[in-house]
Amino acid sequence: DSDNEDVDYEEEEEEEEEYDGNDEYDEESDYEDEDEEDYEDEEYICADEDEVECQSMLLNDNECEEAGTVKRCKASCGFCAAEEASEAYGVKQQISSWEMMEEWNELQLYMSRIEAGEIDDEIIRDDECRNHQDLCIKWAVDGECGIPAERNHMIAMCSPVCQTCHLESPCTQFIGAEDNRTPALQPGDLNKLFKRIATASDSFDRLQLEGIIKTDEIDNEDGEWVEWMKQYQPNVLGVDPWVVTLDNFVTAEEAKHLIGVGFELGYETSTFHSNGVSKNAGVPYRTSKGVFYQWHGDNAAEQIMERIERVVGIPPIYAEDMQLLKYEEGEYYKYHHDYHAGHLQSPIGPRILTFFLYLNDVEEGGETKFEDLDNLTVTPKTGRVVIWPSVLDDDPLEIEDWTFHEAMPVIKGQKFGSNLWYHQYDYQTPHRLRCTEILI
């Protein structure tokens with residue numbers, strides 16, 4: 001592609017001036033593409049490592065302040081009793097350091113003031129004055145009660161430990177409100193979405209003959225949309241589950257623009273959060289770099305989003321911000337799934353659909369491979385799109401087990417792309433309020 005050859009995508013471009021107002025999005029996603037099963041934490045049990053030794057030591061507070069002693073003698077140092085007592089204020093907390101014990105003591109003093117009526121009862125949110133997650137005390141020790149970007153989340157989820165039972169958080173509107181959400185998909189909508197795309201493909205006649213698309217499923221008033229879709233040459237690669245590509249969906253100029261945005265914001269090694277702990281996802285199963293881009297106000301990105309909405313029929317409020325990606329030679333993203341069960345307890349619901357854009361031709365490698373679909377493989381090409389579901393058609397909350405996939409290593413050159421993930425419920429509103437991690 002001669003348009004791409006004129007651009008030198010070297011690392012020094014990162015030094016260019018960043019887009020105003022977008023710094024906060026460098027580490028934006030609350031649910032970066034983690035492979036949660038690869039990072040299962042061991043079952044947590046609070047106990048002394050050596051009960052006889054710990055009890056014989058007759059530990060005092062000074063000895064328990066030593067990190068090594070705390071680890072060996074959690075029960076004898078009173079940590080286990082504190083954890084049990086913490087259930088009086090919500091979810092039982094994990095307390096594993098003296099700093100966390102001091103935070104626990106502060107929590108008790110705050111709650112005793114409330115119980116004694118020293119804080120005006122009329123302003124206490126009794127129903128929400130509880131810790132909703134087991135790492136609230138840890139997060140408080142890490143300073144998250146005072147971090148502006150985390151404050152809404154912490155007020156809603158960790159009020160006792162943050163001493164904010166008298167404060168309102170916009171996140172509280174999502175707690176217990178799961179029945180009031182409008183889903184992106186009803187059962188059956190996913191098949192309708194892909195069958196509609198397929199009516200504009202060269203496979204349409206075959207799919208009708210095979211009974212995959214029935215005559216009564218064709219909207220006779222869809223002619224204008226079908227003609228518009230044909231310019232993108234839909235190619236049906238699979239139907240159970242659906243995997244579809246579009247070509248020339250993004251222009252060379254738009255692709256260059258998004259690549260440039262990625263450099264200006266700064267591609268970073270992907271991270272994810274497991275039980276509140278940020279981990280580097282670059283080892284062992286992902287080595288690419290990426291950055292999230294809040295695209296509102298960017299004319300080129302807005303035009304792309306308008307086209308995407310016209311294809312899938314789902315408003316962009318259900319989508320995460322664009323994840324711009326960069327793979328160098330040898331970099332990859334191993335076998336994984338975009339669905340994460342933890343999202344089921346979040347206001348946003350699970351990821352239901354992936355819309356992946358290829359932003360350049362890769363000299364060699366960098367394909368997207370679906371191993372479980374007979375190694376179905378999509379080759380990167382500037383402007384190409386591949387679309388697949390993460391959930392079942394008859395139950396949009398359940399994982400589609402057949403769409404695990406991987407980004408094959410780049411053998412020669414570079415690979416640039418962009419992920420757009422759709423959720424079953426409004427993503428943008430909870431995200432802008434920093435409320436996507438609360439439990440509903």
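This is a predicted model: local features need pLDDT of at least 70, side-chain atom pairs count only at pLDDT 80 or more; totals for chains, interfaces and linings use all residues.
1. Residues are numbered from 1 along each chain as its sequence is written, and side-chain values use heavy atoms, leaving out hydrogens and water.

2. What is Cys-162 bonded to? A disulfide (a pair of cysteine sulfur atoms within 2.5 Å) joins Cys-162 to Cys-145, with 2.0 Å from S to S. The torsion about this S-S bond of Cys-145 and Cys-162 is about -75 degrees, so the disulfide is left-handed. Cys-145 sits in the loop between H7 and H8 and Cys-162 in helix H9, 17 residues apart; helices are DSSP runs of H or I with at least four residues, numbered from the N terminus. Cys-145 is also buried, with a relative accessible area of 15%.

3. The structure holds five disulfides. Another one joins Cys-136 to Cys-158, at 2.1 Å from S to S. Its torsion is about -70 degrees, so the link of Cys-136 and Cys-158 is left-handed. Here Cys-136 belongs to helix H7, while Cys-158 is in the loop between helix H8 (148-157) and H9, 22 residues apart. Both Cys-136 and Cys-158 are buried.

4. For handedness, look at Cys-129 and Cys-165 too: with 80 degrees about the S-S bond, their link is right-handed. The sulfur atoms of Cys-129 and Cys-165 are 2.0 Å apart, and both residues are buried.

5. Now the rings. Those of Phe, Tyr and Trp (its six-membered ring) pair if their centres lie within 6.5 Å, with planes under 30 degrees apart stacked, over 60 edge-to-face and the rest tilted; the count is 13 aromatic pairs. Tyr-89 and Trp-104 have ring centres 6.0 Å apart and planes at 50 degrees, so they are tilted. Trp-104 is buried, with a relative accessible area of 4%.

6. Trp-228, Tyr-232, Phe-249 and Phe-355 form one aromatic cluster. Over the ring of Trp-228 sits the charged end of Arg-310, 4.3 Å from its centre; the rule asks for NZ of Lys or CZ of Arg within 6 Å of the ring centre and within 35 degrees of the ring normal. Arg-307 lies over the face of Phe-249, 5.4 Å from the ring centre.

Key. Buried means under 20% relative accessible area, exposed over 50%, partly exposed in between (1.4 Å probe, protein chains only). Helices (H or I, at least four residues) and strands (E, at least two) are DSSP runs, numbered from the N terminus.
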